[in-house]
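Visitor: I would like to see how labels get assigned here. Please take me through them.

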Amino acid sequence: MAVLYLADLCEAHGPAFCPTYHNIHRLLVTALLVASKLNDDVHHFNRHMSECGGVSLAELNALELELCTRLRWRLVLGKD
């Protein structure tokens, strides 16, 4: 699901939001966090994910909100 979130983000908002060598870790850790929260009954806290992804907690929180907003909170795939 995380990869599909990134594909939807790139398609909807153009190259500025597509994964690159410089931003892939931030995009991937954020998409994995959101997908985990949606699909798993038990998920890791944002602090743990930020430590694993090498970003600050504040940045991950902001990225999570931005991803959800950019996807217009349509996180369940295949449902329009």
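This is a predicted model: local features need pLDDT of at least 70, side-chain atom pairs count only at pLDDT 80 or more; totals for chains, interfaces and linings use all residues.

Visitor: Why is the pair Glu59 and Arg26 called a salt bridge?

Guide: The term requires a side-chain nitrogen of Lys or Arg within 4 Å of a carboxyl oxygen of Asp or Glu. Arg26 and Glu59 meet at 2.5 Å, N to O, so the pair qualifies. Glu59 is in helix H4 and Arg26 in helix H2, so the bridge ties together parts 33 residues apart in sequence. Helices here are DSSP runs (H or I, at least four residues), numbered from the N terminus.

Visitor: What makes Glu64 buried or exposed?

Guide: Buried means under 20% relative accessible area, exposed over 50%, partly exposed in between (1.4 Å probe, protein chains only). Glu64 has 15% relative accessibility, so Glu64 counts as buried. Its salt-bridge partner is Lys37, at 2.9 Å, N to O. Lys37 has 32%, so Lys37 counts as partly exposed.

Visitor: What makes up the largest nonpolar core?

Guide: The core has 12 residues, including Tyr5, Leu27 and Leu71. Such a core is a set of buried Ala, Val, Leu, Ile, Met, Phe, Trp, Tyr and Cys residues joined through side-chain atoms within 4.5 Å. Helices H1, H2 and H4 each supply at least two residues of this core.

Notes
Residues are numbered from 1 along each chain as its sequence is written. Side-chain values use heavy atoms; hydrogens and water are left out.
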